[in-house]
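Subject: Structure for you to look at

Hello,

Here is the structure I said I would pass on. Please open it alongside this message; my notes follow below.

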Amino acid sequence: MQKLPFAPDAPWLAPLAGYSDLPFRMLCRTFGAACAVTEMVSAKGLVFGGHGTTRLLTSDAGDTPLVVQLFGAEPDIFDRAMPLLLERGFTHFDLNCGCSVRKVNKSGAGSALMARPAVLEAIVKVMVRHAGPGRVGVKFRLGIQHGEENYIELGQRLAGHGSGWLTLHPRTAKQLFGGSADWSAIGQLVRAVDIPVLASGDLFSAEDAARCLAETNCAGVMFARGALVDPMIFQRLKDILAGRESAPRSAQSLAAAATLHIQLARNLDGTPRALRALRAFLPRYAKGFSGIRALRQAFLQCSTWEELETTAGRIATLCESGEPMDHADFTDGCGTADGKVT
Ligand SMILES: Cc1cc2nc3c(=O)[nH]c(=O)nc-3n(C[C@H](O)[C@H](O)[C@H](O)COP(=O)(O)O)c2cc1C
């Protein structure tokens with residue numbers, strides 16, 4: 001069985017509800033992502049056969065190594081969901097303990113699990129029993145709120161239960177995406193456990209990731225919002241770590257990436273739904289450039305794949321705005337629980 005890559009120069013694509021679908025994963029792999037995580041998938045949806053859930057599991061021979069991320073709050077549901085995934089050939093899994101959107105937390109899932117460590121641990125034990133030790137990761141935050149940080153103790157216990165790795169987004173659940181990620185907590189977790197720790201949080205550029213690696217000594221990094229505005233961020237990090245000159249984010253390279261994204265979505269999916277999703281996604285590549293508002297309107301009017309490609313070509317003509325990039329427009333954090341593009 002394939003081993004997952006844990007190394008500074010093996011950056012992962014983070015789970016991104018509404019975004020980390022098969023075409024985007026393949027795009028990021030083209031640009032150096034060493035591993036990718038699916039959008040979060042409802043364990044309950046799997047067991048009760050939701051149509052949206054099946055779509056989220058769409059994969060492809062080249063889509064490897066792949067980690068399926070699950071969310072849920074009931075160990076017995078995971079007990080029924082895991083065999084279904086193993087039957088379909090999936091080998092590595094992640095438990096979402098970081099999502100802080102109300103819709104997910106209401107059912108006790110996502111970051112709400114950090115308030116009920118016994119349930120969280122019971123779910124991980126079920127997942128490990130089915131998948132085998134080392135094949136289950138947990139993605140979590142510092143704790144529910146400041147003063148209640150339990151990531152160290154939890155991390156140690158999860159490692160003891162056979163978790164293969166931990167991913168820390170070092171904010172509290174209450175913080176959502178506010179304030180800044182506390183990378184020093186990643187360093188503390190690295191020192192406290194003997195399994196790989198992946199860093200997530202405010203990795204908006206390859207330089208951020210290189211700094212985070214140096215400051216925390218973590219096993220690797222996971223790009224999330226940084227990859228949504230620059231899918232070439234993976235290659236850039238590899239270049240920096242290898243001491244190679246890293247080409248800057250440019251309008252021309254982003255236009256080329258957007259065009260490739262369209263081709264992948266057309267070939268791997270091709271549905272009107274996929275086309276509509278791209279209309280909202282593609283303008284993100286033009287973040288930090290002047291004229292993005294008009295471009296967003298133009299994308300919204302596209303009704304064919306050809307029109308999307310023509311409009312993507314326009315990104316190459318944009319000039320940098322010189323304004324600092326705002327990453328806080330994902331105010332709802334995890335997108336939506338069913339993976340709908342928000
Ligand atoms: C649009 C969006 C969707 C996300 N979906 C998920 C998800 O499905 N599962 C998860 O564990 N985290 C999810 N996250 C959190 C990211 O994986 C990541 O931990 C977080 O964005 C912090 O990294 P960043 O600051 O570098 O973006 C999502 C974040 C965003 C912005």
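Setting aside residues up to four places away in sequence, Ala-224 touches Ala-14, Leu-16 and Ser-200. This comes from a predicted model, not an experiment. In the chain, Ala-224 sits in the loop between strand E9 (220–223) and helix H10 (225–229). Is Ala-224 buried or exposed? Ala-224 counts as buried because 23 other C-beta atoms lie within 10 Å, and the cut-off for buried is 20 or more. For a sense of distance, Ala-112 is 112 residues away from Ala-224 along the chain, and their C-alpha atoms are 21 Å apart.

Beyond its neighbours within four places in sequence, Phe-223 is in contact with Pro-11, Leu-13, Ala-14, Leu-203, Ala-209, Ile-233 and Phe-234. Phe-223 also belongs to the largest nonpolar core, which has 107 residues. Which residues touch the most other members of that core? They are Met-127, Cys-218, Val-221 and Phe-223. Both domain 1 (12–241) and domain 2 (251–317) supply at least three residues each to this core.

Now the domains themselves. The protein chain is divided into domain 1 (12–241) and domain 2 (251–317), and their C-alpha centres lie 28 Å apart. Where they touch, 12 residues of domain 1 meet 12 residues of domain 2. On the domain 1 side, helix H1 (22–30) and H10 are the elements that give two or more residues. H1 gives the most, with 6 residues. That side of domain 1 divides into 10 nonpolar residues, 1 polar and 1 charged.

Last, a word on confidence. The average pLDDT of the protein chain is 94, and 96% of the residues score at least 70. Residues 335–342 are a stretch where the pLDDT is below 50. In the model this stretch has 24 contacts beyond near neighbours in sequence. Where pLDDT is low, predicted coordinates should not be read in detail.

Regards

Definitions and conventions: Residues numbered from 1 in each chain as written. Predicted model: local features only at pLDDT ≥ 70, side-chain atom pairs only at ≥ 80, totals over all residues. pLDDT = per-residue confidence, 0-100. Contact = placed C-beta atoms within 7 Å. Helix = DSSP H or I, 4+ residues; strand = E, 2+ residues; numbered from the N terminus. Buried ≥ 20, exposed ≤ 12 C-beta atoms within 10 Å, placed from the backbone. Domains from an automatic or database assignment. Nonpolar A, V, L, I, M, F, W, Y, C, P; charged D, E, K, R; others polar. Core = buried A, V, L, I, M, F, W, Y, C linked by C-beta atoms within 7 Å.
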